[in-house]
Amino acid sequence: MNTPSPTLYNMHAPTGFVLTLSCPDRPGIVFSLTEFLLMHDCTIVECQQFIDRDAEKFFIRLQFEAAYGAAVELDRLRADFVDLAQRFAMQWRMLHASDKHRVLIMASKYGHCLNDLLFRTDNGALNIDVVAVVSNHPDLGWMADNYGIPFHHVPVSAATRTEAEGRLLELVDELGVDLVVLARYMQILSTDLCKQLEGRAINIHHSMLPSFKGARPYHQAYSRGVKVVGATAHYVTEDLDEGPIIEQEIARVDHSMSAAEVTMLGRDNECLALARAVRWHTENRILLDGARTVVFR
């Protein structure tokens with residue numbers, strides 16, 4: 001097994017705490033939040049907010065830390081925040097900013113997105129713990145081994161789909177998985193599995209759907225002379241490839257490119273869009289707004 005490379009980026013884990021929330025919009029929300037943090041000896045280091053005026057809904061992400069060396073405990077903050085959250089009907093999360101998400105990556109035979117995520121994790125660009133790679137084929141086992149990540153070959157057929165999905169959920173529970181990433185996993189998940197992973201599974205696909213379905217989509221696009229190819233990263237729902245969009249990446253195509261070059265361009269798009277979606281999710285920068293997302297980049 002190859003030894004993973006040393007960290008290439010001098011990236012520091014964020015400090016302090018992160019609070020994300022959404023609630024019906026009304027006067028006094030920001031004042032009440034800042035007052036709460038002041039009363040608990042905390043200072044804000046990053047604040048982003050958004051109002052969906054059509055839905056009359058308020059969203060905010062606050063990163064804060066203890067002021068001047070004060071002793072601040074997360075459990076105490078959470079307990080004290082409950083009354084404020086109830087007063088404004090908030091849906092909220094509060095956690096340590098440095099907490100790493102435990103991530104399980106699924107892939108089939110194409111390894112570009114898997115390799116990109118493992119490399120970014122290894123060099124510190126993603127502050128996550130990849131706890132397993134799951135595939136319905138054995139082909140990418142060497143890649144997981146190269147990074148010292150456990151590889152699980154879980155074959156899937158029409159007859160074994162229920163058993164295979166059961167094994168996946170066992171791994172999710174056993175490994176304490178926070179996020180499942182479908183990095184070009186070429187199997188349709190059942191409605192039941194999508195519901196069980198709701199809000200904690202991200203998928204990537206080319207952005208030309210519903211055109212060019214099926215095998216070799218970039219070759220199909222090349223044959224039609226498309227001028228733009230793209231990729232979409234989104235949350236997994238029972239509506240195939242139609243979950244809330246997190247990120248999209250595009251690149252222009254010109255007549256001089258071959259089908260292989262268009263395919264390479266498309267795969268680069270997929271890697272970029274998926275890596276950003278994983279980063280923003282695991283940095284707690286995404287809030288759901290119905291079928292849309294609010295992404296505090």
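The structure is a predicted model.

The secondary structure comprises eight helices and 13 strands. The radius of gyration is 21 Å, close to the 19 Å that the globule rule gives for 297 residues, so the protein is as compact as a globular protein of that length. Along the principal axes, the C-alpha trace spans about 60 × 45 × 40 Å. Of the 297 residues, 46% are buried.

Strands of a sheet pair through backbone hydrogen bonds, in either a parallel or an antiparallel manner. Here four strands form an open sheet in the order 2-3-1-4, and their pairing is antiparallel. Strand 2 (42-52) and strand 4 (91-96) stand at the edges with a single partner strand each, so one side of each is left without a neighbour in the sheet. When direction is ignored, neighbouring strands of this sheet are turned by 10 degrees against each other on average. Within the sheet, strand 2 and strand 3 (residues 57-66) pair in the antiparallel sense over ten bridges. Phe50 stands opposite Phe59 in strand 3.

The loop between strand 2 and strand 3 contains Glu56. The phi of Glu56 is near 55 degrees, a positive value in a residue other than glycine. Glu56 has a relative accessible area of 58% and is exposed.

Helix 1 lies across strand 1 (17-24), strand 2 and strand 3, and runs at about 15 degrees to strand 3. Helix 2 lies across strand 1, strand 2, strand 3 and strand 4, with an angle of about 165 degrees to strand 4.

The structure holds four aromatic pairs. In one of them, the ring centres of Phe36 and Phe81 are 5.2 Å apart and the planes stand at 80 degrees, so the pair is edge-to-face. Phe36 belongs to helix 1 (residues 29-39) and Phe81 to helix 2 (residues 74-87), so the pair ties together parts that are 45 residues apart in sequence. Both Phe36 and Phe81 are buried. Ring pairs link Phe36, Phe81 and Trp92 into a cluster.

Helix 1 also contains Ser32. With a relative accessible area of 8%, Ser32 is buried. When its neighbours within four places in sequence are left aside, Ser32 is in contact with Leu84, Arg87 and Phe88.

Although Arg184 is not a glycine, it has a positive phi of about 65 degrees. Is this arginine buried or exposed? Arg184 has a relative accessible area of 11%, which falls under the 20% limit, so the residue counts as buried.

Helix 8 (residues 259-282) includes Asp268. The relative accessibility of Asp268 is 43%, and this residue therefore counts as partly exposed. Asp268 and Gly230 are 38 residues apart in sequence, and their C-alpha atoms are 9.3 Å apart in space.

Strand 12 (residues 286-289) and strand 13 (residues 292-295) pair in the antiparallel sense over four bridges. Leu288 has Thr293 in strand 13 as its bridge partner. Two residues lie between the strands of this hairpin, and in the turn Gly290 has a positive phi of about 65 degrees.

How values were computed: Residues are numbered from 1 along each chain as its sequence is written. This is a predicted model: local features need pLDDT of at least 70, side-chain atom pairs count only at pLDDT 80 or more; totals for chains, interfaces and linings use all residues. Side-chain values use heavy atoms; hydrogens and water are left out. Two strands pair if DSSP finds at least two bridges between them. Rings of Phe, Tyr and Trp (its six-membered ring) pair if their centres lie within 6.5 Å; planes under 30 degrees apart count as stacked, over 60 as edge-to-face and the rest as tilted. Buried means under 20% relative accessible area, exposed over 50%, partly exposed in between (1.4 Å probe, protein chains only). The radius of gyration is taken over C-alpha atoms; the globule rule is 2.2 Å times the number of residues to the power 0.38. Axes are lines fitted to C-alpha atoms, for helices over the stretch in contact, and angles run from 0 to 180 degrees between N-to-C directions. Contact means heavy atoms within 4.5 Å.
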